[in-house]
Amino acid sequence: MVSTRAQTAADPEPDFPWGGAPCPVLVADPAGRVVRCNDAAQALLPGARPGSRLADAVPAWLAAAHQAVCLPGPRTAGEPDAPWSGMIEARRLRAHPSVRQDGAVAWWLVDDTDHHLAREALRTERERTAFLARTSSTLLSSLNLERCMDVTAQLAAESLADAALAIAPARGRRLPVVTCLRGAAPTSALEAVDADEVPGLGEALRGFPPVPSRWIDPAAAPAWLIPEDFGPVGAIVVTPLPGHGVPAGALVLLRKEGGAAFTEEEEVFARLFAARAGAAMSAARLYAEQRAITEVLMRELLPPVLHQITGVDLAGSYRPSSDHERIGGDFYDVHPATAAGEPSLVTLGDVCGKGLEAAVLTGKIRNTLHALLPLADDHQRILTLLNTALLNAHTTRFATLVLASVARHGDAVRVRLTSAGHPSPLIVRADGTVEEADTRGTLVGALPDVRARTTTVTLAPGESCVLYTDGITEAQGGPLGDAFYGEERLKRALAGCAGMPAEGIVEHVQMLASQWLGSRGHDDMAVVAISAPRSPHRDAGHDRTPGGCAA
Amino acid sequence: MTTLPSALRLTTTGTADTVRIQITGDLDHDHADLLLDEATAQLTARPGIRELRLHCAEIGAVDSMGLSVLLMIGRRTAAAGTRLYLDDRPARLTRLLDLTGTLDHFTASGM
Amino acid sequence: MSPGTPPRLPDDERLRDLAGRLWDAVAAGDEYTATGTVLRALDDGLDPEHVLLDVIATVQGRVGEQWAANRISVAQEHAATSINERAVAALALHPAARTTPHRGRITVACVDGEWHALPARLVAEVLKLRGWRVDYLGAQVPAPHLISHLHTTKADAVALSSSIATRLPAAHAAITACQAIGVPVLVGGAAFGPDGRYARLLGAQAWATDARTAADRLAAGPLPCPQPDPRQGDDLPHLADQEYTMVVRGKDALVRTVFLALADAFPAMRGYDDTQRERTAEDLAHIVEFLATALYLDDDGLFTGFIAWTAHILRARGVPPQSLPPALALLARELKDFPRAVRILRRGTETLTTDHPTPGTPA
């Protein structure tokens, strides 16, 4: 070797001028045999001796490149410029061919390692940025905790590990866990396990004491942490998911045995991911908690679902003014009779104002009316007591309402009606006549005294009494957009409802008012129909309606 | 629609013992408070006035909040010993007062 | 499903017979006989899904036909529908319809402004029978309610129903809102076109012709998950000309102007009473709504289909549709600065002069 080097350094040969070139140069003939190497090539590829087969002396990618260059026939466009590159030892080299006149090819091997590393780093960085951006947009679009956990586990399994577990703080004694294997769908479970048996997990879920990501010994991991069919585990890391000042959970990443271990860089990246996932999960959890509170409070304020009571058909429908709230200032209720033969009390009303504030007042009125049930027959007395309960020195927020005591008498239904400052109920007769119930009274909650006049109507089978709030008649719209729906139109519509069941009437009225409005804004709208069933003979064996037909 | 939601405009004039507020526009959920504030301010600034006259000829829609404000003004005038009049009521307003059983309250002597 | 189910052929006959009896009860407004008929069929071992889809849905289809043929009024249609709904509710309570959820969770809702709840109700009940956990939100669900429900429940998919084509813009808003929070949407109902073309146009993940195909599609595997797409809104590029927005915003004034002008152009209108005048104004408002929807989708066929159907309905009611051409001409005059609207209105007029066969119900 020494002699060769001395020779080449001193006297470059005319047909091999690159003996002293700093980068490796190797010449091979069209038959695939090595012709010459310079020192650098010799050092890099010790097996490449003149005469040796290229396939034995150099990595396969280079041998293949040589074959491609030497291949006779037309080449596809661009091919001569196509760079060949590959690994030799731990270095990445780019091979540039130059074909000599005798058909041999001189391969210049340019070290590309640093350039390549920089490009790789840039690509990784771009991928990670894109991944984080995708993480954020996917996670932040949902306020559902389970969905956020699914997405967290799935994204992590896709880009950070062979499997990932998203774990939320314990609900009761059980740990909500979503597990996802790379390429599979996430599965969720409630694990009855102790988080503290996994080092670092308890702290991560409590958010205290603060811990960074923590490596745990795969051998010490409890079985529930390892997904089924995962195989031998190479590495496990537990990362806290920080929320908005509260711990949102923990992320567990698993890699298979024999795979790459987590680098420090990857761990930092996992933490960036965890911060995003944690923020989304904690927002979802706060939202769920708030929603649960609102649900509970609202349940009390929502109008009840009406059905049949003691042989009377009832239906109610409510549409609040705002599309964002399900409650408002209109209300209705039914208090079934406590004893056979006694009338049931149906109420419908409207409090001044709208939205949640009004809804709270409806709750107060409904509770008060419920407490006054023993007096149900004495409408004037109920209204006086209700008025006293509502009167208040600071406001004149009032309510208008209709009380209806309903009882079955034979095939007919008798209804005693009292309006307290409310639009009079409408009676739909079997022949399509629509009558206004003759009752008038003072609104409640604003004046010291209330007076009311009660009326009694009898509904023959198929006839109905319709209670409604002024949201229906004051619905402003119509084809020209500026007219009130009005009482006359309502009466005309009801005339076509003769003989209809209560539910049909209520839905029909709500639909007409809604069509009248189009997409315009409106007040709360409530409708209740009290009907005498058309076919009083009941199919006893098939009466599955609660309450049943007692008459 | 040619009529845009009209804001409430109040024009107050007065003599020695009478305050007159002319109401133009809707007395509704969004605006009714303005009338209550104005009436209360007048009652406070001029104790002992004999009459508060609300001129309603140009009043627009009156909703439940509007009626609630009228009731509150009624309560405050009664407490101040001032008589409240709802003058030049359009038919629609009279119907609302009649329906809610408050017409007598606003028109009976003593208010 | 039920081991004791008798062989197929007799079943078909029984179902036909049952549909006949249910129709009689519904037509007579007899709720008790209707629910009794349905419950007895279940007692006798008929498969609840067949009763829902081959009896109740069949009868409901007949209700719609009867209305279109002017044999029953809107109120009667409503009465019949509510009896059918009661029958569905009764069926759902029968022991034969009791199932334990073993699949995923589906939210079923009608688009905002959609009052026809029965098709959605049928989907909900069929899905329950097939083992899904179902949240049925009912008719006329505003998009904010739907979304807050989805945030709290983690549905695997939303099944969205719309029968009225003019609700398609609202359906589009609901579809994109669901997708924005990662929930795929299956749509169904006449509004989406007989071939589901509007379902595709509005980017729904799936479309089903009826409750059975909806259930089959959901059983076949999860719907593709929508990906958050920053380019949302690019799928209807024609909206950039704002014709839809302007027509919707100016709808009341437009209807009023054309209504007044129509009285001059169409002398017969002078003899109309108040109800007839209001009906005419309503017809005009309806035409403008369909025009706006056609502008939204940039689909002339939606408008011409509606015009042909309206002419058909008017004839069925013994009203010659002579006021339609002048109405369309007046609309085109008012909207002369809107090229797409003018084009669509012209197509509508052409339909009236060329199209005579009886068209099917358009949405």
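Which strand of chain A is largely enclosed by the rest of the structure, and why? The first legend gives the answer.

The structure is a predicted model, in which local features need pLDDT of at least 70 and side-chain atom pairs count only at pLDDT 80 or more, while totals for chains, interfaces and linings use all residues. Residues are numbered from 1 along each chain as its sequence is written, chains are lettered from A and ligands numbered from 1 in the order in which they are written, and side-chain values use heavy atoms, with hydrogens and water left out.

Figure 1. Strand β20 (residues 464–468) of chain A is largely enclosed by the rest of the structure, because five of its five residues are buried. Buried denotes under 20% relative accessible area, exposed over 50%, and partly exposed the range in between (1.4 Å probe, protein chains only). Helices (H or I, at least four residues) and strands (E, at least two) are DSSP runs, numbered from the N terminus. In a regular strand the side chains alternate between the two faces of the sheet. From β20(A), Ser464(A), Val466(A) and Tyr468(A) point one way, and Cys465(A) and Leu467(A) point the other way. Strand β17 (residues 426–428) of chain A runs antiparallel to β20(A) and is joined to it by three bridges; two strands count as paired if DSSP finds at least two bridges between them. Leu426(A) has Val466(A) as its bridge partner in β20(A). Five bridges, again in the antiparallel sense, link β20(A) with strand β23 (residues 525–531) of chain A, where Val528(A) stands opposite Leu467(A).

**Figure 2. The six-stranded open sheet of chain A.** The strand order is β8-β7-β6-β11-β10-β9 (chain A), with antiparallel pairing. At the edges are β8 (187–191) and β9 (214–216) of chain A, each of which pairs on one side only. Direction ignored, neighbouring strands of this sheet are turned by 25° against each other on average. Strands β10 (residues 233–242) and β11 (residues 247–256) of chain A run antiparallel and are joined by nine bridges; Ala235(A) stands opposite Arg255(A) in β11(A). Helix α6 (residues 145–159) of chain A packs on the sheet, where it touches β6 (163–167), β7 (175–181) and β11 of chain A, and its direction makes about 35° with that of β7(A). Contact means heavy atoms within 4.5 Å. Helix α8 (residues 264–301) of chain A lies across β6, β9, β10 and β11 of chain A and runs at about 45° to β10(A). Axes are lines fitted to C-alpha atoms, for helices over the stretch in contact, and angles run from 0 to 180 degrees between N-to-C directions.

**Figure 3. Surroundings of Leu190(A).** Leu190(A) lies in strand β8 of chain A and counts as partly exposed, at 39% relative accessibility. Leaving aside neighbours within four places in sequence, Leu190(A) is in contact with Arg171(A), Arg174(A), Leu175(A) and Pro176(A). The C-alpha atoms of Leu190(A) and Arg171(A) are separated by 8.7 Å, and the two residues are 19 residues apart along the chain.

**Figure 4. Nonpolar cores involving chain C.** A nonpolar core is a set of buried Ala, Val, Leu, Ile, Met, Phe, Trp, Tyr and Cys residues joined through side-chain atoms within 4.5 Å. The largest one has 70 residues, and those with the most contacts inside it include Leu146(C), Phe192(C) and Phe303(C). Helix α12 (residues 274–297) of chain C gives the most to this core, with twelve residues. The core lies between domain 2 (100–235) and domain 3 (239–354) of chain C, because both give residues to it; domain bounds come from an automatic or database domain assignment. Leaving aside neighbours within four places in sequence, Phe303(C) is in contact with residues including Ile287(C), Phe290(C), Leu328(C) and Ile344(C). A second, separate core of 50 residues includes Val88(C), Val108(C), Ala208(C) and Ala214(C).

**Figure 5. Two residues of chain C with positive phi.** Most residues other than glycine have a negative phi. Asn70(C), which is not a glycine, has a positive phi of about 65°. Asn70(C) is found in the loop between α3 (48–68) and α4 (74–93) of chain C and counts as partly exposed, at 36% relative accessibility. For Gln140(C), phi is also positive, near 50°. Gln140(C) lies in strand β2 (residues 133–141) of chain C and counts as buried, at 10% relative accessibility.
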